[in-house]
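Please consult the sequence and coordinates below alongside the text.

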Amino acid sequence: MLVTGANGGVGRCAVQLAALAGHRVYAVVRAGADESELRSLGAVDVLESPAEAPVPLDGVLDVVGGSTLVEAFRRLDAGGTVISVGRASAQPSVFDAEDFQGAGGGHGRSIRTFYLDDGRPGLAQDIEVLAAQVVAGELTMRTLPEVTAFEAVEQLKDGTFDVVRVISFL
C-alpha cells in the first residue's frame, strides 16, 4: 500500500492504520521529510514519488492529487484501487487515455473518492475507534493548536482541517 502526503496528519494516520492492518506501507513525502519518524510509524520505505514504488501496488491512499494521483494510479496492479481523499497539491490530475486501457496487466483498476461530510451514518463510531486507538497507544498523533467547533467546520469546508484535531473534541 502506498500513502501519499504521508507526513501530514491524514497521511500519518493512514500509514499507522495500514501497518496495523498488516500491509506493507510505502510513504510518499516531499524531499527532506523525517524518514525515521515515518518508519517508526510503520512505513517500510519512504519515497519522493509514487513512481519510485518498487512493486505494483494493490492500494493507494492519495492526499495530494495532481500528478501524484496520476503516478499512483499508474503504479496500481490489476484490480488495485486508489482512494482519493484530498488535493493538497491544488493541481489538476491529468490522465492520458492510455492510463485507462488496462494493457500490460493493469486492468480492473479503480479510483474511489471520499468526502467526510456525505451524510452517511457511522462517522461518530469511526472517530470513537480512532480515539480509542490513540488512548491505547496504538496510534500516535501530533499535537496541534486546539480549534473551536466552528473553526473546525470552516476548515473542513476549505480543506485545511487536520484529522488529528478531531481527538481534541473527545
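The model is predicted, so local features need pLDDT of at least 70 and side-chain atom pairs count only at pLDDT 80 or more, while totals for chains, interfaces and linings use all residues. Residues are numbered from 1 along each chain as its sequence is written, and side-chain values use heavy atoms, with hydrogens and water left out.

**Sheet**

- Six strands form an open sheet in the order β3-β2-β1-β4-β5-β6, with parallel pairing; strands (E, at least two residues) and helices (H or I, at least four) are DSSP runs, numbered from the N terminus.
- Two strands pair if DSSP finds at least two bridges between them.
- The edges of the sheet are β3 (43–47) and β6, each of which pairs on one side only.
- On average, neighbouring strands are turned by 20° against each other, direction ignored.
- Strand β1 (residues 2–4) runs parallel to β2 (residues 25–28), and 3 bridges join them; Thr4 has Val28 as its bridge partner in β2.

**Helices on the sheet**

- Helix α1 (residues 9–20) packs on the sheet and touches β1, β2, β3 and β4 (57–62), where contact means heavy atoms within 4.5 Å.
- The direction of α1 makes about 170° with that of β2; axes are lines fitted to C-alpha atoms, for helices over the stretch in contact, and angles run from 0 to 180 degrees between N-to-C directions.
- Helix α3 lies across β1, β4, β5 and β6, at about 155° to β5.

**Aromatic pairs**

- The whole structure contains 3 aromatic pairs, defined for rings of Phe, Tyr and Trp (its six-membered ring) by centres within 6.5 Å, with planes under 30 degrees apart stacked, over 60 edge-to-face and the rest tilted.
- Phe73 and Phe95 are edge-to-face, at 5.7 Å centre to centre with 90° between the planes.
- This pair links helix α3 (residues 66–74), which holds Phe73, to the loop between β5 (76–84) and β6 (110–113), which holds Phe95, 22 residues apart.
- Phe73 counts as buried because its relative accessibility is 3%, and Phe95 as partly exposed at 22% (buried is under 20%, exposed over 50%, partly exposed in between; 1.4 Å probe, protein chains only).
- Phe73 and Phe100 form a tilted pair, at 5.3 Å centre to centre and 45° between the planes.
- Phe100 lies in the loop between β5 and β6 and Phe73 in α3, so this pair ties together parts 27 residues apart in sequence.
- Ring pairs link Phe73, Phe95 and Phe100 into a cluster.
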